[in-house]
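Please read it alongside the sequence and the model shown here.

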Amino acid sequence: GRQAQGGHGRHAHVGVEELTELVATAAVGFELTETVGAYAELIGSTGADGDSPDVAILGLGATYAVTSNLQFDAGTNIGLSRDADDIGLFSGVTLRF
């Protein structure tokens with residue numbers, strides 16, 4: 001199929017102090033058609049300093065590959081732990097160049 005591959009990461013800066021977050025993910029994806037896909041992802045994160053809360057999230061989403069270099073995605077993140085947001089919607093675009 002024409003599914004583009006991508007990834008994401010996060011970082012934060014507060015003044016001159018850098019915050020570090022440890023993140024682990026496990027994902028499974030399915031190609032439904034040549035251009036449409038779906039995926040589920042488990043995400044866990046914690047602050048490297050030990051003071052940040054542990055967060056667990058289930059991400060569910062769909063992708064649409066317009067071309068082999070352009071893909072749109074949308075989905076929801078569902079909080080599995082007390083410190084995670086209950087639910088969040090997202091959309092994005094991946095452009096390979």
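Helices (H or I, at least four residues) and strands (E, at least two) are taken as DSSP runs and numbered from the N terminus. The model is a predicted one, in which local features need pLDDT of at least 70 and side-chain atom pairs count only at pLDDT 80 or more, while totals for chains, interfaces and linings use all residues. Residues are numbered from 1 along each chain as its sequence is written, and side-chain values use heavy atoms, with hydrogens and water left out.

**Strands and sheet**

The protein has seven strands and zero helices, and its elements run β-β-β-β-β-β-β from the N terminus on. Strands count as paired if DSSP finds at least two bridges between them. An open sheet is formed by five strands in the order β3-β4-β5-β6-β7, with antiparallel pairing. β3 (21-31) and β7 (87-95) stand at the edges with a single partner strand each, so one side of each is left without a neighbour in the sheet. From one strand to the next, the twist averages 20°; axes are lines fitted to C-alpha atoms, for helices over the stretch in contact, and angles run from 0 to 180 degrees between N-to-C directions.

| Strands | Bridges | Bridge partners |
|---|---|---|
| β4 (residues 36-47) and β5 (residues 55-67) | 10 bridges | Ala-38 and Ala-62 |
| β5 and β6 (residues 70-79) | 10 bridges | Thr-67 and Leu-70 |
| β6 and β7 | nine bridges | Gln-71 and Thr-94 |

A hairpin joins β5 to β6 through two residues. Asn-77 stands opposite Gly-88 in β7.

Leu-70 is found in strand β6. Its relative accessible area is 23%, so Leu-70 is classed as partly exposed; buried means under 20%, exposed over 50% and partly exposed in between (1.4 Å probe, protein chains only). Which residues does Leu-70 contact, leaving aside its neighbours within four places in sequence? They are Tyr-64, Ala-65, Val-93, Thr-94 and Leu-95, where contact means heavy atoms within 4.5 Å. Between Leu-70 and Val-93 there are 23 residues of separation in sequence and 7.3 Å in space, C-alpha to C-alpha.

**Edge strand and surface**

Val-93 lies in strand β7 and is exposed, with a relative accessible area of 53%. Of the nine residues of β7, the number buried is zero, so this strand lies largely in the open. Val-93 also belongs to a nonpolar surface patch of about 350 Å², together with Tyr-64, Val-66 and Phe-72. Patches are made of residues with over 30% relative accessible area and no salt bridge; like charges are joined within 9 Å, and nonpolar side chains (Val, Leu, Ile, Met, Phe, Trp, Tyr) within 5 Å. A salt bridge is a side-chain nitrogen of Lys or Arg within 4 Å of a carboxyl oxygen of Asp or Glu.

**Whole-chain values**

The accessible surface of the protein comes to about 6900 Å², and 57% of it belongs to carbon and sulfur atoms. Accessible areas come from the Shrake-Rupley method with a 1.4 Å probe; for residues, only the protein chains shown count as cover. Of the 97 residues in the protein, 20% are buried. Among contacts between residues at least 6 apart in sequence, 35% join residues at least 24 apart.
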